[in-house]
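Keep the structure open while reading.

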Amino acid sequence: MDYILLFFTGLIAMMLGTLAGGGGLITMPAMLLMGIPIHSVIGANKISTTFSSFTTFLTVLLKKQITLRESWWILPISLTAGTLGGLTATHIAEATLYKLAIVLLIGAFFTSFLSKADFAGEATLQPSKTGVAGLIGIGLYDGLFGPGQGTLLLYLFNQLRISYMRSIGFVRLASFSSGLGAAISFIAMGKIIWPFAIALVLGSLSGAQIGVRIAEKLNPKYVKILLRVVIIGLIIQLIVKAILK
């Protein structure tokens with residue numbers, strides 16, 4: 001029964017995660033309620049994110065909405081940052097991780113009102129100070145903890161004037177890269193409970209493909225609203241968890 005629950009948890013979470021990030025809003029509490037240790041929960045999420053993100057990136061790439069020429073540099077930056085974050089995670093108190101997540105998400109929420117970008121940009125993605133610094137910071141955070149990482153990345157690419165569907169492709173490549181680095185770290189530290197992780201992966205793969213097909217039909221003007229709703233949900237959930245700890 002637990003495995004079936006994890007499959008559908010992964011499916012719903014990655015469908016939401018593909019559209020607006022915030023898949024951890026669903027997977028984290030569900031797995032913690034099952035009594036799975038926090039670091040095993042994070043590790044399983046990194047593995048499922050790695051697999052599902054790569055399939056989504058391939059889908060967008062094969063549709064020729066993005067190219068390898070403009071996206072290749074995301075991989076080494078996010079991979080390195082995610083690995084460092086994962087290696088550091090077990091040395092940081094859980095309460096500190098919650099506080100960090102809350103601060104980042106509140107910052108992203110208020111920044112969204114300052115930015116005039118609306119996912120309708122047609123810019124070509126190129127390495128820039130904002131892009132590189134953003135990928136490093138978010139990659140480190142993804143390896144450390146991760147809730148809201150996809151949402152933060154969508155905000156980053158929106159700031160870089162990248163259209164919504166193209167942003168999804170780049171976000172999934174960055175998520176794959178940082179998730180792979182973090183997953184390797186958690187595997188090396190023996191934190192993975194494999195039957196739970198595999199069930200979550202299978203659900204996430206299905207959810208990612210459903211999400212990317214919904215995204216193709218979603219009007220960009222509604223994306224910011226969806227992102228803000230997801231961020232508010234994440235902030236409330238994290239504050240409640242921090243209080244209950």
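## Salt bridges

This predicted model holds three salt bridges. Aspartate 142 pairs with lysine 46, and their closest N and O atoms are 2.7 Å apart. Aspartate 142 sits in helix 7 (residues 129–144) and lysine 46 in helix 3 (residues 38–62), so this bridge ties together parts that are 96 residues apart in sequence. Both aspartate 142 and lysine 46 are buried.

Lysine 63 forms a salt bridge with glutamate 216, with the closest N and O atoms 3.1 Å apart. Lysine 63 is in the loop between helix 3 and helix 4 (68–71), and glutamate 216 is in the loop between helix 10 (194–215) and helix 11 (223–244), so the pair links parts that are 153 residues apart in sequence. Lysine 63 is partly exposed, at 41% relative accessible area. Glutamate 216 is partly exposed too, at 35%.

## The bridge between helix 9 and helix 4

Arginine 166 forms a salt bridge with glutamate 70; the closest N and O atoms are 2.8 Å apart. Arginine 166 lies in helix 9 and glutamate 70 in helix 4, so the pair ties together parts that are 96 residues apart in sequence. Glutamate 70 is buried, with a relative accessible area of 8%.

## Cavities

A search of the whole structure finds two cavities of 30 Å³ or more. Helix 1 (2–20), helix 2 (24–33), helix 3 and helix 8 (149–159) each supply at least two lining residues. Helix 3 gives the largest share, five residues. By class, this lining has 15 polar, six nonpolar and three charged residues.

The second largest cavity holds about 30 Å³ of space. Its lining is Ser78, Leu135, Ile138, Gly139, Gln149, Leu153, Ala174 and Ser178. Helix 7, helix 8 and helix 9 each give two or more of these residues, and helix 7 has the largest share with three. Four lining residues are nonpolar, four are polar and none is charged.

## Nonpolar core

The largest nonpolar core has 66 residues; Ile74, Leu125, Leu135, Phe145, Leu153 and Phe157 touch the most other members. Helix 9 (residues 164–188) contributes the largest share of this core, 10 residues.

What does isoleucine 74 touch, not counting residues up to four places away in sequence? Its contacts are Leu125, Leu135, Phe157, Phe170, Leu173, Ala174 and Ser177.

Terms used
Residues are numbered from 1 along each chain as its sequence is written. This is a predicted model: local features need pLDDT of at least 70, side-chain atom pairs count only at pLDDT 80 or more; totals for chains, interfaces and linings use all residues. Side-chain values use heavy atoms; hydrogens and water are left out. A nonpolar core is a set of buried Ala, Val, Leu, Ile, Met, Phe, Trp, Tyr and Cys residues joined through side-chain atoms within 4.5 Å. Buried means under 20% relative accessible area, exposed over 50%, partly exposed in between (1.4 Å probe, protein chains only). Helices (H or I, at least four residues) and strands (E, at least two) are DSSP runs, numbered from the N terminus. Contact means heavy atoms within 4.5 Å. A salt bridge is a side-chain nitrogen of Lys or Arg within 4 Å of a carboxyl oxygen of Asp or Glu. On a 1 Å grid over the protein atoms alone, a cavity is a set of points where a 1.4 Å probe fits but cannot get out, and a pocket is an open set with protein on both sides within 12 Å along at least five of seven lines; lining residues have an atom within 4 Å of a point. Grid points are joined across faces, edges and corners, and a volume is the space filled by probe spheres set on the points. Ala, Val, Leu, Ile, Met, Phe, Trp, Tyr, Cys and Pro count as nonpolar, Asp, Glu, Lys and Arg as charged, and the others, Gly among them, as polar.
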